[in-house]
Amino acid sequence: MSAFTGSASETAPVSGDGADLLAALLDGMDAALCALDGGGVITHWNREAERILGWSAADAVGRRGFGGWAARSADAEETLGRLMGATKGSGRQVHELALLRKDGGRVLVRSQVVGVWGADGAPAGVYCAFSEVHVQLDLERSVALSEALFDDASWGVVLVDADLRPAVVNGHAARAFGTGRTSLLGRPLGDVVVHGAEELEAALQHVLAEGTPAAPAEVWVTLRSSSGERRRCWRSGFVRLASPMAEEPVPLGVAWLFQDVTEERLAAREADRLRFRWSQLHRAGAAAAECEDPKEAATVLLDFALAGFADHALVDLAVGERRLTRALATPPPAPGPSSPVVGGDIPLRYGPRHPALQAWDRVGTVRASAGRTAEVWAEAHQWPTDAAHALCVVLRTRGRTLGVLTFLRAGCRAGFEREDVVYGETVAARVAAELGLGAIS
């Protein structure tokens, strides 16, 4: 239909070989097309027009207008007049016309009409392309949807071509990537996605090969930006795009729609972690209550607390002012259950800036992490060689400082955060209470 919506032809409908060629071209079009001469007589009628209205070219060609067959008598002259009115102006005219099918049914069509003039400039007829109104409305809705998605959508939309490179990017997606809308076009996703590009490309390849997945997927990505790297979680939906013009579906690419659910996922993860930790403390309290030896009860508490929280736990008890001795520890070098240290009462050779002594001096909690030389750092602090992050908490009970509890994590894990401090201090308070009972007895 759009092929016949430009400027009008300079010549009238032709005859002879030219007419045969024109008829063949019209019959091959997807739009319904007809031509009328200067007197309103139909000269061409293609197969799509026959499909919509049921009237064949033999029924239509040679008739003047649509009266008596494709339009009600009361509407026929008005319909013809509106069509032929295109010869009185320039450009195309759009009309909605009520026509009749051959089976008697009525159909509302939207027509686009252009006038045709002869070499002498006199009106020679019109060409008319038409389609059912609901088909045109469907097309307009599709166009409107596309424009809305790329202008006003509150989620990211990226059209990826068959080579997995962005072809169109909407404003929301560009902001999510931290770039301009045109900056991503034609570039590999790996240019802006530091981690997660492989997973995204694998998902896009799967959609191209297998079709649209049944449910959205969540993908974690790390983005490169001027302010550093940002880790985000995107809930993503994928739709394979195929050409409607081909006889068999030909993949054009993938429409990728996504929303940022990072905060939601982090909140859910934190809630799960808190539920697990406090469940562990509840179980630890129940198990410790069955231990007759306070030091054994403290060991049980530590073993429950370590799960998912740290790789090692060390308990250093005071034997004098700023002098600590190792009382409990997980067995080096690998993580495992805590156990009493044999041959205690020998003070540890901690340096004056040791995190455990800092915690002792502050009567508070100290967090520390190694630099690039984690193994040297751990050895200097007399900790297991895989230690890279430490959380030192004082053991306080009944107004006294009994020592320091140190939690250690390996370098493959993240450092201790503020929320970890609360949990560590809660565990330390329970351990101190058990050790305090042992000191009293």
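Which helices each supply at least two residues of the lining of the second largest pocket? I started my notebook with that one, and the answer is α8 and α12 (418–440).

**Ground rules**

I am working on a predicted model, where local features need pLDDT of at least 70, side-chain atom pairs count only at pLDDT 80 or more, and totals for chains, interfaces and linings use all residues. I number residues from 1 along each chain as its sequence is written, and my side-chain values use heavy atoms, with hydrogens and water left out. Helices (H or I, at least four residues) and strands (E, at least two) are DSSP runs, numbered from the N terminus.

**Entry: the pocket and its arginines**

I looked up the second largest pocket and noted a volume of about 230 Å³. Its lining consists of Arg-273, Arg-277, Gly-308, Arg-409, Arg-413, Ala-414, Gly-415, Glu-417, Glu-419 and Asp-420. For the record, a pocket is an open set of points on a 1 Å grid over the protein atoms alone, with protein on both sides within 12 Å along at least five of seven lines; a cavity is a set where a 1.4 Å probe fits but cannot get out, and lining residues have an atom within 4 Å of a point. Points are joined across faces, edges and corners, and a volume is the space filled by probe spheres set on them.

I then followed two of the lining arginines to aromatic rings. Arg-277 sits over the face of Tyr-423, 5.1 Å from the ring centre. Arg-409 does likewise over Phe-416, at 4.1 Å from the ring centre. The rule I used wants NZ of Lys or CZ of Arg within 6 Å of the ring centre and within 35 degrees of the ring normal.

I found Asp-311 in the loop between α9 (294–306) and β12 (312–320). Is Asp-311 buried or exposed? Asp-311 is buried, because its relative accessible area is 15%, and buried means under 20%, exposed over 50% and partly exposed in between (1.4 Å probe, protein chains only).

**Entry: the cavity**

My search of the whole structure turned up one cavity of 30 Å³ or more. The largest cavity has a volume of about 40 Å³. Among the residues lining it are Cys-34, Phe-66, Leu-83, Val-109 and Phe-130. Strands β3 (92–100) and β5 (123–132) each give at least two residues to this lining. Phe-66 and Phe-130 turned up again in one aromatic cluster with Trp-45, Trp-55 and Trp-69.

**Entry: aromatic pairs**

I pair rings of Phe, Tyr and Trp (its six-membered ring) if their centres lie within 6.5 Å; planes under 30 degrees apart count as stacked, over 60 as edge-to-face and the rest as tilted. By this rule I get 17 aromatic pairs. One of them is Trp-234 with Trp-256, tilted, at 5.9 Å centre to centre and 55° between the planes. Trp-234 belongs to strand β10 (residues 228–242) and Trp-256 to strand β11 (residues 251–260), so the pair ties together parts 22 residues apart in sequence. Both tryptophans, Trp-234 and Trp-256, are buried.

**Entry: Thr-262**

Thr-262 lies in helix α8 (residues 262–288). At 1% relative accessibility, Thr-262 is buried. Its side chain reaches the backbone nitrogen of Cys-233 at 2.7 Å and makes a polar contact with the side chain of Asp-260 at 2.6 Å. Leaving out residues up to four places away in sequence, I see Thr-262 touching Trp-220, Arg-231, Arg-232 and Cys-233, where contact means heavy atoms within 4.5 Å.

**Entry: helix α10 and positive phi**

Helix α10 (residues 355–362) is mostly covered, with six of its eight residues buried. Those buried residues pack against β12, β13 (323–329), β15 (366–369), β16 and β17. Just after α10, Val-363 has a positive phi of about 50°.

I also checked Leu-164, a non-glycine residue with a positive phi near 65°. Leu-164 is buried at 9% relative accessible area.

Notes: Polar contact = N/O pair within 3.5 Å; in protein donor to acceptor, adjacent residues only side chain to side chain.
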